[in-house]
Structure formats: C-alpha cells, structure tokens
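Here is a short briefing on a protein model. Look at the structure first, then work through the points below.

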Amino acid sequence: MSPFMALPDSPDDADWADIAALAGPSGGATLTGLTVEPPDGWEVVTRGAVLQLVDDGIAAVPDEEALPLTQADVPEMLALTERTKPGPFLPRTIEMGTYLGIRRRGRLVAMAGERLRLPGWTEISGVCTDADWRGQGLGTRLVLAVAAGIRERGETPFLHVVASNMNAFRLYESLGFRLHRAATLVLTRPSAEAPIS
C-alpha cells in the first residue's frame, strides 16, 4: 500500500534484515530521519529533502464537485498519478483513506486524498491535476475538501512537499498550512544477497 518504513535511530543488522523482509526481494523502502548510511548489500536509489506542513487555520470546506473515488476508479487514478508524479501511489493506496476527484468530460482530471495516519493526524496526499486542467484551482479545492473531512473527524490535516517545489510550498502556505519540519527521505533497496530475518 505504501513503501514508507521506519528504523530506530541506531539500527542494527537485525533491523536492516527486518526492513529487507518487509521490502521483499524486488522492493524498496522509503525511510525518513535516517541518520546512518545503509549497510553493505543495500543501494541508495535516491535521497531528497521534503517539507512537512501542518494545518494552521486553513479554510477547509467541502466541495460539491469533489466526488469520492472508489476501487473502480483505481485504473484512472494510477494513470493520473503516472502523468503527474505526485509521489508514491500504488494500486492499494486508496485503501488508506478517502480520495476525492474532479472529472471533466467524464475523465478524472484532479484528485487528492488521505494517506498516512497517526492518532489525531491525517496526511493529505496524492494531490495532482492533469496538465490540461491546471491553473483552475482544482487541486486547491480538493485539498480544502479533503481537509474538511479530516477536521470533521476531529483530526489535524498535514502534508508533505518536495523541498525544491517552492511553488507548491507557497501555495500550501497561502492556504493556511505552516512549516512544521524539514526531513530527508531515502529510497533504498536491498541487494539479493542482503540478509533477511
């Protein structure tokens, strides 16, 4: 459903073996807060800075045009995320929470939804708009609609943005999100020889 995993601050060989088992023989693991280099037998695929923003008084509001997406919409959701690259989105990501979409001429052109959940907190993720429909505020409307649903449950919305995407960062700030922290994400994968617990 999602390739994000965590390790202790000082992981030992058994911790890395557990991550290898969870990632599987051809899978990768996205780790945050990693302060050590992966051990021998692991490859760092990519490393990048992300910014975490939290709700600081956003004007969350439902949107009549934002329709709940279902399992039947997954092929279109996958096609949209393939075109727009909003971050990890796999066939079962929809199971992590509510996803809303906007259609034009019967085609899914924008979506946003919920991914990571902690007690009292829900991440807004998968925010994307097809290139032909950008500049109309569809993504903004969906973010505010998803945030409204999160708030209805008494939870606080948060989201992540790649640190180099300052346009998105400024947009989210203008909506009422504030910077909470910067982090580094490391996508790593074990070689076939990495020990698995």
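Helices are DSSP runs of H or I with at least four residues, numbered from the N terminus. This model is predicted. By that numbering, helix α4 is followed by G176, which has a positive phi near 115°.

**Helix α4**

- Helix α4 spans residues 166-175. Its buried residues are A168, F169, Y172 and L175.
- An α-helix has 3.6 residues a turn, so residues three or four places apart point the same way.
- N167 and S174 are exposed, and they sit on the face turned away from the buried side of α4.
- What do the buried residues of α4 pack against? They pack against strands β3 (42-55), β7 (121-129), β8 (156-162) and β9 (177-190), and against helix α3 (138-152).

**Helix α3**

- Helix α3 has 15 residues. From its first C-alpha to its last it reaches 21 Å, close to the 21 Å expected at 1.5 Å a residue.
- Buried residues in α3 include L138, G139, L142, V143 and L144. A145, V146, A147, A148 and I150 are buried too.
- The cover over the buried residues of α3 includes β5, β6, β7, β8, α4 and β9.
- G154 follows α3, and its phi is positive, near 80°.

- Strand β5 (residues 99-104) pairs with strand β6 (residues 107-118) in the antiparallel sense, over 6 bridges.
- R103 has L108 in β6 as its bridge partner.
- β5 and β6 form a hairpin with 2 residues between them. In that turn, R105 has a positive phi of about 55°.
- β6 also runs antiparallel to β7, and 6 bridges join them.
- A110 stands opposite T129 in β7.
- β6 and β7 form a hairpin with 2 residues between them. Here G120 in the turn has a positive phi of about 85°.

**Residue F158**

- F158 lies in strand β8.
- Is F158 buried or exposed? Buried means under 20% relative accessible area. F158 is at 5% relative accessibility, so it counts as buried.
- Leaving aside neighbours within four places in sequence, F158 is in contact with Q52, L53, V54, L116, W121, T122, E123, I124 and F177.
- F158 and R117 are 41 residues apart in sequence. In space they are 9.8 Å apart, C-alpha to C-alpha.

Note on methods:
Residues numbered from 1 in each chain as written. Predicted model: local features only at pLDDT ≥ 70, side-chain atom pairs only at ≥ 80, totals over all residues. Heavy atoms only, no water. Buried < 20%, exposed > 50% of the residue type's maximum accessible area, 1.4 Å probe, protein only. Contact = heavy atoms within 4.5 Å. Pairing = 2+ DSSP bridges. Expected span 1.5 Å × (residues − 1).
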